[in-house]
Amino acid sequence: MSDLETKPADDTAAGGRVNPVDNKFTRSLSHVLSDLGKNGIFIALILVVVVFEILTNGVLLRPQNVSNLIVQNGYILILAIGMVMVIVAGHIDLSVGSVAAFVGALSGVFAVSMGLPAWLAIVLSLAIGALVGAWQGFWIAYVGIPAFIVTLAGMLIFRGLTLVVLGNQNIGSFPDFYRALGNGFITDVFGKLQVDPLTIGVAIIAIVVLVVQSIRTRRGRQSYGQAVEPLGWFIAKLVLVTAAVLLFAYALATFKGIPVTLIVLAVLILIYGIVMNRSVFGRHIYAIGGNLHAAELSGIKTRIVTFWLFVNMGFLAGLAGLVFTARLNLAGPKAGDGFELEAISAAFIGGAAVTGGVGTIGGAIVGGLIIGVLNNGMSIMGIGIEWQQAVKGLVLLLAVAFDVYNKRRSGGR
Amino acid sequence: MTTNILEMRNITKTFPGVKALQAVTLDVARGEVHAICGENGAGKSTLMKVLSGVYPFGTYDGDIVFENETVEFRDIRDSEAKGIVIIHQELALSPYLSIAENIFLNNEIKGPFGLIDWNKTNTEASKLLARVGLRENPTTKVLDLGVGKQQLVEIAKALSKRVKLLILDEPTAALNDEDSDHLLDLILSLKGQNITSIIISHKLNEIKKISDTVTVIRDGKAIETIPKLDVTEERIIKDMVGRDLEHRYPDHTPHIGEEILRVENWTAYHPQDPTRIMVDNINVNVKRGEIVGIAGLMGAGRTEFAMSLFGRSYGTKISGRVFKHGVEIKTRTVSEAIANGLAYATEDRKYYGLNLIEDIKRNISMASLSKLERGGLVDDNKEYEVADGYRKSMNIKAPSVLSKVGKLSGGNQQKVVLSKWIYSDPDVLILDEPTRGIDVGAKYEIYTIINRLAAEGKGVIVISSELPELLGICDRIYAIAEGRITGEVPIAEATPETLIKYMTMEKERI
């Protein structure tokens, strides 16, 4: 029983009596502030970038490094997408590093040892990733073994199988088409200009789509009489995002163009963002994580959803394995070591709740980028791996502590 | 001339933007049972949290005088040291520990080297159990006790702390009548041992039965304190809601049509112990526009019946047939049951009914997302519109449908649950304890909604352990005991006595 329950209603009632001008201003301000609070993770990313830009004397945001940031972290970000979905549903997946290594090793067998066409090797590898996910999903969803145990077992099983597949050797020299996944760039076809027009063009198209979509969403909400953010703040946010995208695109354009990894990522973010936000499947994931029993009694087929969630995680782990292998041009027994921890950290830094039900794709991506910038920034500064680990651990702890503190303050409990 | 054991003077407690308590004064005489009533959100729990130190000294204004001494509690341990013990509605026992371990949790009896003296612990626990009238071995795990017995363990725990003032927050909310009676008797016997009790309760008849004084709180203010002789249900209700509730149940003129749903020979067994029959050959039906009650004590198999029917959400070895409009239907999964026009609103909103961390909108749409799907995607705006429609028509008190359900009061949460099921557009709604834990005013609204559903031609089954409620709203009442239907009474012939007779009818033992 809460004694606070009528509070919000009272607040609005009281607000109505205040001088309207004041009221409008304070309401706008409080909206901006609450928005900043909700998007604290973006601000954290900006802070981290600014700090390391200063500490590295401007090396961090050099075009080549910006491009590297994406390519080096691509596979973690791919894993983070699947991981945040798993975490939202109230599960965890510890096996993704091993699964990535396993699929990478198999792709080596397909593409190099067996000499299959690269596209076929890729398709087969991804299918095997999904199968691995189905195997784990079966134990979790239908047998009812906690995901922690199943994927801990999976971590050992697939690490072991990686060694079996590779026979303790590395497989290298992948075909070019395959390598493009990790190393390729798409650049303009007309020749070498200082600033790649294709990259800029794509960025502009992306911005236009974003702006149009934002306006449409806002109009739609208004037409249904929903509250929307103040127009000034709405425009300010769009301008900020546009500026960020343009700067980012400029950096890429002055280096080698758009990394293939970035295209893969952009497509994944778009698709999974829509899945989580707008699709029935996504809604069911949130419902299951928020209250499994209520979801079941609302007719949601919780087992099927959980099963497919892990199939999807296996698929993405496989994809991450391919991107990583392509980047190194090498499938090795140690590949993917510790990836699961970075992906899990990314999801939690990005605001996912340990208890399930809360988390977004966007948050996980930004969380992954924060980790990426930390890694990259500290490497540029010449800080050793030992301190990098310690700092990353601390950041994870602080991020979750901040989240817990925020929730308590807002009266969530 | 009795002396006051406790005087709370001008207690004011403010949360950001809201005054939860406004200059509340409460005097409790030594050795009495003092009842506090009020609607949910009136401030009862806040007042008790101030008293027990959950809200420490300095976060409120006013004085607390306990045994003629002004006290300033910084936390619960401070108040317990003075002999004030609060037992919350949600019991705070550790299920995997024994009774004795729970009683002496954080208060362990230690022997040499600071190790726990188990013999003494268990002996002392036995003595305390005797005082509360619980015949159980102190080494039994709390897990293996029913809620009623767990409540007694909590009281034994309080006694071990040499309690002088015992605060019970809705102690009988989860108990059946028998356990409730036992608990109330125990409170009276503790009174004989000079232990003062404050009891927070919604149940007016039990307040009348055991309390010496009643204080009614409304909107954070103490409305009045009534001595035993002047206590009447009408007066308490009037104080609680601030208006006369002429009728506690809205008028309902039934327009009963043809049969919608018929359940034949429904049987289910215990999920962990498949030899135990929990639902025993039940036959019931409900007609168009009819409100049918199922009266039964807790554990009689009411919820088990409803949940096994609703997509086999409970039990194993389920058998029986279901007919809708005379045609047999299957309800093997929840989605199948929903597709066939059934809805089940659970008795346990927080555990089975709602996603508390989500907003109102998404809770309402949870069982019917396919209706909002357009081209594979959920239409957000339509969802908002639908939810906002329910917010208005069901009078859900919240700033908007984007408010988190966890922050609503019990009554408003229940309205969200009902909205969810009404939106799934069922032909038959099974409402399991639809007014549990919600205040008088909200109850009336829920009854009005139930009437509206019946008037729209739906069949409504209401499961309840509150007989006045069933008698007040139903057209026909089944009684259930030990998993069997033991009686069926049209409302004209139903009295509490006949229903109780059926509800307590035992199986013939061979």
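Visitor: What makes β9(B) and strand β10 of chain B a pair, and in which sense do they run?

Guide: Two strands pair if DSSP finds at least two bridges between them. In this predicted model, β9(B) and β10(B), the latter covering residues 221-227, are joined by six bridges in the antiparallel sense, so they qualify as a pair.

Visitor: How many residues lie between β9(B) and β10(B) in their hairpin?

Guide: Two residues lie between them, and Asp219(B) in the turn has a positive phi of about 50°.

Visitor: How do you know which strand β3 of chain B pairs with in the parallel sense over four bridges?

Guide: Strand β3 (residues 33-37) of chain B pairs in the parallel sense with β9(B), residues 213-218, over four bridges. The requirement is at least two bridges, so that pairing counts. Within it, His34(B) stands opposite Thr213(B). β3(B) is also joined to β8(B), again parallel and by four bridges, and there His34(B) has Ile198(B) as its bridge partner.

Visitor: What pairs with β8(B) over five bridges?

Guide: That is β7(B), which runs parallel to β8(B). Leu166(B) stands opposite Ser197(B) in this case.

Visitor: Why is strand β8 of chain B called mostly covered?

Guide: A residue is buried if 20 or more other C-beta atoms lie within 10 Å of its own. Five of the five residues of β8(B), residues 196-200, are buried. Thr196(B), Ile198(B) and Ile200(B) point one way, Ser197(B) and Ile199(B) the other way, and all are buried.

Visitor: How do you know that the span of α5(B) agrees with its number of residues?

Guide: At 1.5 Å a residue, the 14 residues 147-160 should span 20 Å, and the end C-alpha atoms are 20 Å apart, so the two agree. After α5(B) comes Arg162(B), with a positive phi near 55°.

Visitor: How far apart should the ends of helix α3 of chain A be, and how far apart are they?

Guide: For the 16 residues 40-55, 1.5 Å a residue gives 22 Å, and the end C-alpha atoms are 22 Å apart, which agrees. Asn57(A) follows α3(A) and has a positive phi near 55°.

Visitor: What radius of gyration does chain A have, and how does it sit beside that of a compact globule?

Guide: A compact globule of 413 residues would be near 22 Å, and chain A has 23 Å, which agrees. The C-alpha trace spans about 75 × 60 × 45 Å along its principal axes. Chain A contains 17 helices and four strands, and 41% of its residues count as buried.

Conventions: Residues are numbered from 1 along each chain as its sequence is written. Chains are lettered from A and ligands numbered from 1 in the order in which they are written. This is a predicted model: local features need pLDDT of at least 70, side-chain atom pairs count only at pLDDT 80 or more; totals for chains, interfaces and linings use all residues. The radius of gyration is taken over C-alpha atoms; the globule rule is 2.2 Å times the number of residues to the power 0.38. A residue is buried if 20 or more other C-beta atoms lie within 10 Å of its own, exposed if 12 or fewer, and partly exposed in between; C-beta atoms are placed from the backbone. The expected span of a helix is 1.5 Å times one less than its number of residues.
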